[in-house]
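Here is a short briefing for a first look at this structure. Keep the sequence and the 3D view open as you read.

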Amino acid sequence: MSYSHSHLLGIEPLSPADITTILDLAEQYVRLNRAPMKHGEALAGLTQINMFFENSTRTQASFELAGKRLGADVMNMAMQASSLKKGETLIDTALTLNAMHPDLLVVRHPQSGAVDLLAQKVKCAVLNAGDGRHEHPTQALLDALTIRYAKGRLHRLNIAICGDIAHSRVARSNILLLHKMENRIRLVGPPTLMPAGIGDFGVEVYEDMKEGLRDVDVVMMLRLQKERMDGGFIPSEREYYFRYGLDAEKLAFAKADAIVMHPGPMNRGVEIDGEIADDINRSVIQDQVEMGVAVRMAAMDLLARNLRVRGTEAMA
Ligand code: NCD
């Protein structure tokens with residue numbers, strides 16, 4: 001089982017084999033996480049620093065738990081309170097970090113590309129926990145693992161990604177991953193929430209949600225990212241819910257065994273009806289959270305294996 005990259009910055013550079021390697025190892029960690037004794041040794045002796053320049057509940061907690069379950073020393077840097085407020089540049093932050101000798105750095109940043117830049121300046125393995133509208137690779141990997149569990153495969157599925165695609169790094173990483181694994185992807189939403197150049201993504205675009213959901217295997221809902229909107233992208237939340245909120249009537253157009261996904265945090269009654277989100281026969285939203293811990297354990301384990309190989313080579 002090997003993964004040839006030094007970082008996990010996005011889905012874009014990964015091959016289908018890389019993706020399968022991460023998911024296969026994550027499956028072993030799903031089993032470990034369900035056992036009464038949840039401790040592994042894969043990151044023993046290593047230091048993991050989490051740097052979140054943007055708010056996060058689920059992703060940060062998931063990375064922290066993943067590191068602790070595998071024996072790393074995990075530190076969360078409170079970036080809101082840090083010297084960044086005092087105008088320290090990202091590069092200075094990187095130099096400070098290098099002096100602390102971390103092995104794994106988990107970074108979330110509001111600017112697209114900031115995590116790649118940091119990765120060029122630090123000496124450790126970097127994992128992108130979301131950069132601007134660019135990528136959120138571990139989210140796409142945990143979504144893929146959830147789909148593989150629920151559907152028994154990760155290819156030749158009809159998958160609808162619905163809502164605020166334009167502002168969503170989750171959508172971008174998912175489109176890249178699901179495309180590499182040879183699925184048919186539909187994007188559903190108002191034209192104002194579709195990214196420019198959508199024709200190059202190899203997807204079908206639907207403005208009418210019922211048409212877009214017809215006979216799909218997977219319905220992936222996205223949060224309306226109000227914090228990234230600087231104008232009137234939607235007429236009103238009520239109107240948006242009427243046309244694009246997932247309710248029983250619209251879901252009836254999907255296959256009878258279609259699953260419903262959402263990366264969280266949800267706006268109930270805006271993009272999704274609360275009853276659908278809580279319906280354990282349709283919604284896999286809690287499974288996504290469970291898969292998230294396992295996927296992050298797998299990604300950090302694979303990167304740590306590469307660190308060890310490089311460390312041994314350097315000493316020889
Ligand atoms: C997403 C994010 O931050 O990109 N959340 C997450 O990581 N689970 C999606 C969102 O904020 O809507």
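In what order do the five strands of the open sheet stand? The order is β7-β6-β5-β8-β9, and the pairing is parallel. Keep in mind that this is a predicted model. The points below start with that sheet, then move to a helix pair, another strand pair and some backbone details.

**The five-stranded sheet**
- β7 (204-206) and β9 (259-261) stand at the edges. Each has a single partner strand, so one side of each is left without a neighbour in the sheet.
- From one strand to the next, the twist averages 20°.
- β6 (residues 184-188) pairs with β7 in the parallel sense, over three bridges.
- Across this pair, L187 stands opposite V205 in β7.
- Helix α5 lies across β5 (158-162), β8 (218-221) and β9. Its direction is at about 165° to β9.

**Helices α1 and α5**
- α1 covers residues 16-34, and α5 covers residues 137-151.
- Their axes come within 10 Å and cross at roughly 70°. Angles of 65 to 115 degrees count as roughly perpendicular, so α1 and α5 are roughly perpendicular to each other.
- The crossing of α1 past α5 is right-handed.
- On the α1 side, the contact is made by I19, T20, I22, L23, D24, A26, E27 and V30. They meet L141, A144, L145, R148 and Y149 in α5.
- By type, the contact residues divide into nine nonpolar, one polar and three charged.

**Strands β3 and β4**
- β3 (residues 104-109) and β4 run parallel, joined by five bridges.
- L104 stands opposite A125 in β4.
- Is β4 (residues 125-131) mostly covered or mostly open? Mostly covered: seven of its seven residues are buried.

**Backbone details in the loops**
- H101 is not a glycine, yet its phi is positive, about 55°. H101 lies in the loop between α3 (90-100) and β3.
- Residues over 50% relative accessible area are exposed, so H101 counts as exposed at 62% relative accessibility.
- R156 is also a residue other than glycine with a positive phi, near 50°. Its place is in the loop between α5 and β5.
- R156 counts as exposed because its relative accessibility is 67%.
- Which residues does a cis peptide bond join? They are G264 and P265, with omega about -5°. P265 is in the loop between β9 and α10 (274-277).

Methods:
Residues are numbered from 1 along each chain as its sequence is written. This is a predicted model: local features need pLDDT of at least 70, side-chain atom pairs count only at pLDDT 80 or more; totals for chains, interfaces and linings use all residues. Side-chain values use heavy atoms; hydrogens and water are left out. Axes are lines fitted to C-alpha atoms, for helices over the stretch in contact, and angles run from 0 to 180 degrees between N-to-C directions. Helices (H or I, at least four residues) and strands (E, at least two) are DSSP runs, numbered from the N terminus. Angles under 35 degrees count as roughly parallel, over 145 as roughly antiparallel, 65 to 115 as roughly perpendicular and the rest as oblique. A crossing is left-handed if the near helix is turned anticlockwise from the far one by less than a right angle, and right-handed if clockwise. Contact means heavy atoms within 4.5 Å. Ala, Val, Leu, Ile, Met, Phe, Trp, Tyr, Cys and Pro count as nonpolar, Asp, Glu, Lys and Arg as charged, and the others, Gly among them, as polar. Two strands pair if DSSP finds at least two bridges between them. Buried means under 20% relative accessible area, exposed over 50%, partly exposed in between (1.4 Å probe, protein chains only).
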